[in-house]
Amino acid sequence: MKEEAKVLSYWGHRGDLSRCGKNSWLIKKGREKYRLLRRDAGDGFAMSEAAVRCYLADRGFSYQPRLCLGEDGAVARRDNSEYLSEHWSGAGRFPFDDGYHVIEAARVLGEFRNIMMDFDWREHGFPIKEMLHRPRRLEQMLETGEHCQSSFRHLLPQEEMEDILSRGKRSLSVLSGPLYEKVSGNILRNGGVAYRAIRRRGLMLHHGEPLLTDFSRLSEDLPVVDLWQLLRRYFSYEGSRGEVIQSAITAYEAPCPLSIEEKNILIQLLCFPYVLLRNLERLEKDKANDRLRRETVHILRAEHFHKNFYRELEKEGSYENCH
């Protein structure tokens, strides 16, 4: 820890510094690597994220790089900004199209949730955002999809597009009803934290083991949205196998079982064509974006490919099964 603190203390002079993203810096000292995460002074994220990491480490959650603090135990500061540093050795990008790693990551997320269920984020002053307004957001996305579906008649038969939108309506009807209100109400009363950093920079591999590396996006939300985000990324790849989805849910539930209501919310979120409708929204604003159009075509084909699996999910997650 003393040597790591020296890296922070002298990074402006002795470290090999290179820019690595908007708010991220990379230090190299010999063979060791450290990543500095910048947090603007006064926003509360830096010290709060350190508190979260210590809380996890004290409870044996090892799926994260080591956190490096300054020599005096405080977060390093420079130019009125705050920095955290992570020991970054051998970590690589997470393959969202790899079924094995997706299942392993689901298990890690289940362990994370199991530990964080008792975390009192208010005590640490963490500026968590409430994300429980999701049904309204999904409704807006569905309205946009219906509005611009004619633009994609040359990409997918009209009846297929209508079938996708119909599936979205059925899922939304559950997510806007008493089931969602009941679960979200419990979260508001008892507290609930979701990781919400399911992306290649937040979820990485270290010697084949999934790592959770960024805790700045914690939100007061349904914890099951972490599993939803992981699975929908995997599901967006054409050819992804339905049994991986089921295995990932089982792996997540091993350390932290889902209630019937939570599992049904997860299934309905998976059935909702979120990624496709999000892309359609973006294309409405940027019709000349060829890269986004190619990506949307890929997602349309994946939605068509997985049609039968979506139907199986809908049967399993029907609202009637919650009672």
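**Exercise 1.** Which residues are buried in α10?

*Solution.* The model is a predicted one, in which local features need pLDDT of at least 70 and side-chain atom pairs count only at pLDDT 80 or more, whereas totals for chains, interfaces and linings use all residues. Residues are numbered from 1 along each chain as its sequence is written, and side-chain values use heavy atoms, with hydrogens and water left out.

Begin with the criterion: buried means under 20% relative accessible area, exposed over 50%, and partly exposed in between, with a 1.4 Å probe and protein chains only. In α10, the buried residues are Tyr274, Val275, Leu276, Leu277, Asn279, Leu280, Glu281 and Leu283. Next, look for their cover, which includes α4, α5, α7 (224–235) and α11, where contact means heavy atoms within 4.5 Å.

**Exercise 2.** Describe how α3 (residues 99–116) packs against α8 (residues 242–253).

*Solution.* Axes are lines fitted to C-alpha atoms, for helices over the stretch in contact, and angles run from 0 to 180 degrees between N-to-C directions. The angle between α3 and α8 is about 25°, with their axes 7 Å apart. Angles under 35 degrees count as roughly parallel, over 145 as roughly antiparallel, 65 to 115 as roughly perpendicular and the rest as oblique, so α3 and α8 are roughly parallel to each other. On the α3 side the contact is made by Gly99, Val102, Ile103, Ala106, Arg107, Leu109, Gly110 and Arg113, and on the α8 side by Val244, Ser247, Ala248, Ala251 and Tyr252.

**Exercise 3.** Is arginine 196 buried or exposed, and is histidine 207 buried or exposed?

*Solution.* Take arginine 196, which lies in the loop between β9 (193–194) and β10 (203–206); its relative accessibility is 11%, so arginine 196 counts as buried. Histidine 207, in the loop between β10 and β11 (209–212), has a relative accessible area of 68% and is therefore exposed. As to the backbone, phi is positive at arginine 196, about 60°, although this residue is not a glycine, and histidine 207, likewise not a glycine, has a positive phi of about 55°.

How values were computed: Helix = DSSP H or I, 4+ residues; strand = E, 2+ residues; numbered from the N terminus.
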